[in-house]
Structures are given as C-alpha cells and as structure tokens.
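The sequence and the structure come first.

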Amino acid sequence: SMAEGAGAGPRLAELLAAGRRFWEEVETGAEPSSGAPAVQDKVRQGLDALRQAAAMVAQLDLFSENEELEEIASADLKYLLLPALLGALTLKQVDLSKRLEHLESARAHFWRFLKLCRSYGLGSFNLPPASPPGEEDAGSPSSGGPAATQPNLVAMASSRQAKIERYKQKKELENRLASMKTSVESGQADEDQIREFYILQTQKWINTSLEEIESIDQEMVILRSRGTAKQSSAPPHGTSRQVRTPMKPFILTRDAAQAKVFGAGYPGLPTMTVDDWYEQRRRQGVVSGQSAPQRAPGITDEELQKQQQEKKEEEDDEEALQKARNWDDWKDTHPRGYGNRQNVG
C-alpha cells in the first residue's frame, strides 16, 4: 500500500512489537513488585508505543466495522490486538489515586477490542455492556424482594461451567500458539499458517478481555462503595440536628415526705415530687398547662414559684411530719426489701 511505501508499515510493526515486548516483560517479569520503578517505566514505554501504533491504525483506516475477516491482509491481522494490549498495560499502572480512572480506561480498550472482533465474526461470545454498571445501580438493592438476594444457583453453575470451558479453550489455544510461534517468527510459515496464528492469538485475547472486564466491573463496584462510605461517614453538610437538653436523673416521689426520706438515702440524686415534676415540665413547655395556677399580672416566674412553695409548705407541714413519722416507724419494723419476695435474687 502507499502507506507501506511511506514507511508507516515497518514503523507500525516496530511499535506493535515494542509494545508487546514491554507487555510480556511486565507480565512475566522477574521483579517482585509491579510498583517497582523499573516495571512502571516499562509500562509507560509500552503504553506510549501502543498508543502511537493505535493512532496510526486509525489514520490508515485498517479496520472497518462493515468488512469481512477475509478482507483483512494476513500481515495486518496482528494489529487487531492493539486495544486489548492497551487495556492490559493500562491495568498495570499502580497509582492508587487514579485507580478508578485506569479501570475505566482499560475497560474501554477491552470493550473496543471485543466489539471489533464481533464485527469480524471472531469468537462466539456475548458483548458485555459498553459501560460498567453505573453508580445508581451499584448502590440500589436489586429489585424483586427477598428472592433476588438468593443467588441463582442455575446461573452460577452455568457461569462456572462457562469459566471451566473458557479455561480449557485458553490452555488449548496457548499450546497451539506455542507450537506455531517459532515458524511464524522465523518467517518459515506460509500465509495460511500466519493467518491462523494471528486469529488464534485474537481468540486468546477475547477470553482474556472478557475475564478482565468482569473483574474490572467487580473492582469498580467495591471502589465506588468505598467512595460513598467515605462520603457518608462525614456529617452531611449544613444539617444541624435540634439538640434536646438531656434530663438529669432524679428520684420521683409521691409526695414531699417521701422526697425527704429518699433524698437522705441518695445524696447524689435530687428528689422531686410528682407535682414538682409536672410543674418543671410545664415550665419547659412539655406538659400542657391545664392545671397551671393562674397568676396575677406582673408576677414573675420566680415570685409565683415562691408563693406556691410557701402555700404548699404550710399545708404540707403537719401532714408531712405525720407521714415521715409513720414511715420511720414502718421502717423500724420492716427490714429493707420486705415484701419483695417473688423476685428474690
């Protein structure tokens, strides 16, 4: 082609070969950590070479959605792999702050590769959705009530079966590719063999891409739920809840006499008669003031309280004294806990 004459062909082949080589070195590398600077350097160089190659393929218009596989020149078949290799190397980046971005980008590469393969009738598989399960689906429980939470055992068994099949196919493909590799790379293979080799390679990457998209989608759900958990743990902006003053503990008694007695036994806790309690709650506006005494105009809360208290004390004095005495006598003749025999221990 004209492009070949202009030197694009050899240059394109070199870029693909370089990208592949970096990918293989990273994938089967001796470095213990993919985060090692040397490894990440290879990832960067590999991505750079593959991106340039992909730009050239787009410029040369090598592939089109409405042509047949037979129309692709055997030597050009290998360029079908570019988006898959781009996806694979994109995943090898280790910057955690950009993880979601890298997952989205890798997924888009794998998906483009699968769509291209579908349009050429390569491999029989279901094309995954174009975009990952969105945030709005991720958070919401699956509709369909309790039954939806039960795992679908049939579906699970069939997907497990599909995985086993895929694994077997992959191993078989790898074995066939390994046995053909030498003759293709040394230039001894004829065109049919070259063609078969590249198509097998593409089919192997179809399996890889389907697996990668599946695990990318799972990881994205986890990352997103972590993200929303982080946001929701911070108090929602600008919603100050109405703070209710907590009530202090106290002992509620039937009358003043009891209040005196209980007060002596529990110096730490204030005592309050039922009437006092109602009065206090009424002042706080909690209890409706039906039984509230009428006040003369111009009398303050404190004065009113004082008046009531004095009146009460006069009435109560005699009665209270008598009650207190009765209570003391009763205590002398009845040990503590008397009468509470059903509930022993």
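## Helices α3 and α4

The crossing of α3 and α4 is left-handed, a term used if the near helix is turned anticlockwise from the far one by less than a right angle, with right-handed used if clockwise. The contact is made by V43, G46, L47, L50, R51, A53, A54 and V57 on the α3 side and by L82, L85, L86, L89 and T90 on the α4 side; contact means heavy atoms within 4.5 Å. By class, this contact of α3 with α4 has ten nonpolar, two polar and one charged residues. In this scheme Ala, Val, Leu, Ile, Met, Phe, Trp, Tyr, Cys and Pro count as nonpolar, Asp, Glu, Lys and Arg as charged, and the others, Gly among them, as polar.

Two packed helices are described by the angle between their axes and the distance between the axes. Helix α3 covers residues 37-60 and helix α4 residues 82-90; their axes come within 10 Å and cross at roughly 155°. That makes α3 roughly antiparallel to α4. Angles under 35 degrees count as roughly parallel, over 145 as roughly antiparallel, 65 to 115 as roughly perpendicular and the rest as oblique. The axes are lines fitted to C-alpha atoms, for helices over the stretch in contact, and angles run from 0 to 180 degrees between N-to-C directions.

## Basis of the model

The model is predicted: local features need pLDDT of at least 70, side-chain atom pairs count only at pLDDT 80 or more, and totals for chains, interfaces and linings use all residues. Residues are numbered from 1 along each chain as its sequence is written, and side-chain values use heavy atoms, with hydrogens and water left out.

## The chain as a whole

The chain has twelve helices and two strands. Helices (H or I, at least four residues) and strands (E, at least two) are DSSP runs, numbered from the N terminus. Along the sequence, the pattern is α-α-α-α-α-α-α-α-α-β-α-β-α-α.

Of the 345 residues in the chain, 29% are buried. Buried means under 20% relative accessible area, exposed over 50%, and partly exposed in between (1.4 Å probe, protein chains only). Among contacts between residues at least 6 apart in sequence, 65% join residues at least 24 apart.

Nine of the nine residues of α4 are buried, so α4 is largely enclosed by the rest of the structure. The buried residues are L82, P83, A84, L85, L86, G87, A88, L89 and T90.

Helices α4 and α5 pack at an angle of about 160°, with their axes 7 Å apart. They are therefore roughly antiparallel to each other, and α4 passes α5 in a left-handed crossing. P83, A84, L86, G87, A88 and T90 of α4 meet H102, S105, A106, H109, F110 and F113 of α5 in this contact. Its residues divide into seven nonpolar, five polar and no charged.

R107 lies in helix α5, residues 99-119. Is R107 buried or exposed? R107 is buried, with a relative accessible area of 1%. Leaving aside neighbours within four places in sequence, R107 is in contact with P128, P129, A130, S131, P132, I213, I216 and D217.

A130 lies in the loop between α5 and α6 (135-139). Not counting residues up to four places away in sequence, A130 touches R107 and W111. The C-alpha atoms of A130 and W111 are separated by 6.7 Å, although the two residues are 19 residues apart along the chain.

## The nonpolar core

The largest nonpolar core has 56 residues, and those with the most contacts inside it are F63, Y79, F113, Y120, L122, W205 and I206. Such a core is a set of buried Ala, Val, Leu, Ile, Met, Phe, Trp, Tyr and Cys residues joined through side-chain atoms within 4.5 Å. At least two of its residues come from each of α2 (8-27), α3, α4, α5, α8 and α9. Helix α9 gives the most, with ten residues.

Which residues does F63 touch? Not counting residues up to four places away in sequence, they are V57, I72, D76, Y79, L80, L116 and Y120.

## Residue D61

D61 is placed in the loop between α3 and α4. D61 is exposed, with a relative accessible area of 60%. Its phi is near 55°, a positive value in a residue other than glycine.

## Helices α8 and α9

Helix α8 (residues 153-185) and helix α9 (residues 191-233) have axes that come within 9 Å and cross at roughly 145°. Their crossing is left-handed. The residues of the contact of α8 with α9 divide into eight nonpolar, six polar and ten charged.
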